[in-house]
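Please read it beside the sequence and the model.

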Amino acid sequence: MKKVFFASALFLLAVTVKAQITPAAPGVMYGKVSDEGTALQVDKLEANLKDNKFEGKITGKVKEVCQAEGCWIRLEKKDGTTMLVRAKNHSFLMPTNLVGMAVVVEGEAEVKEISEAQRKHYAEDAGKSKKEIDQIKGSEKQVVFQAWGVKVL
């Protein structure tokens, strides 16, 4: 009984939080993005890593948003792959209508090893099918961006 109540309470909390997220529109900001500096295109980030790290702004088009709570997005690259952008310390959440919009993201990037379990977790949060999730095998090195803020362009 306690587990059912706890799960129900968490679900209601998630629904309430999602309902309070401001819908994406030009100029809307989630977290904080400064007016200083210019943003790199997401495709140029890897070339600008120093010791596998980067701090600053990038820009790109949102391909995916975490469907569970809006705590991460994926920016589309020219080659069809994506780069993960997480809200640092879950400090802000983003709406699902952000998909297809251009954004500027400010924060820090680092090359990280993403475990198979974590990759499957992200796939679940994205709403992927069980078949797609089951096809994920092994860990993978990826550039992961920890964002202080995301601004819709």
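Two strands are said to pair if DSSP finds at least two bridges between them. Helices (H or I, at least four residues) and strands (E, at least two) are DSSP runs, numbered from the N terminus. By these terms, E4 and E5 pair in the antiparallel sense over 5 bridges. The model is predicted: local features need pLDDT of at least 70, side-chain atom pairs count only at pLDDT 80 or more, and totals for chains, interfaces and linings use all residues. Residues are numbered from 1 along each chain as its sequence is written, and side-chain values use heavy atoms, with hydrogens and water left out.

**Overall layout**
- The chain has 3 helices and 7 strands, which run α-β-β-β-β-β-β-α-α-β from the N terminus on.
- Of the 153 residues in the chain, 38% are buried (buried is under 20% relative accessible area, exposed over 50%, partly exposed in between, with a 1.4 Å probe and protein chains only).
- Contacts (heavy atoms within 4.5 Å) between residues at least 6 apart in sequence join residues at least 24 apart in 70% of cases.

**Strand pairing around E5**
- Arg74 has Leu84 in E5 as its bridge partner.
- The hairpin of E4 and E5 has 5 residues between the strands, and Gly80 in this hairpin takes a positive phi near 95 degrees.
- E5 also pairs with E7, here in the parallel sense over 4 bridges.
- Ala87 has Ala147 in E7 as its bridge partner.

**The largest pocket**
- A pocket is defined on a 1 Å grid over the protein atoms alone, as an open set of points where a 1.4 Å probe fits, with protein on both sides within 12 Å along at least five of seven lines; lining residues have an atom within 4 Å of a point.
- The largest pocket holds about 540 Å³ of space, where grid points are joined across faces, edges and corners and the volume is the space filled by probe spheres set on the points.
- Its lining has 23 residues, and Arg74, Thr82, Arg119, Glu140 and Gln142 lie nearest the centre.
- At least two lining residues come from each of strand E3 (53-65), strand E4 (72-76), strand E5 (82-87), helix H2 (116-125) and strand E7 (140-152).
- E7 gives the largest share of the lining, 4 residues.
- By class, the lining has 9 nonpolar, 4 polar and 10 charged residues (Ala, Val, Leu, Ile, Met, Phe, Trp, Tyr, Cys and Pro count as nonpolar, Asp, Glu, Lys and Arg as charged, and the others, Gly among them, as polar).

**Helix H2**
- Arg119, Lys120, Tyr122, Ala123 and Asp125 of H2 are buried.
- The buried residues of H2 pack against E4, E5, strand E6 (102-114), helix H3 (130-134) and E7.

**Cysteines**
- The structure holds 0 disulfides (a disulfide is a pair of cysteine sulfur atoms within 2.5 Å).
- The sulfur of Cys66 has its closest cysteine sulfur in Cys71, at 3.9 Å, which is too far for a bond.
- Cys66 is buried at 1% relative accessible area, and Cys71 is buried at 7%.

**Val111**
- Val111 is in strand E6 and is partly exposed, with a relative accessible area of 27%.
- Leaving out residues up to four places away in sequence, Val111 touches Leu49, Asn52, Lys141, Gln142 and Val143.
- Val111 and Gln142 are 31 residues apart along the chain, and their C-alpha atoms are separated by 5.5 Å.
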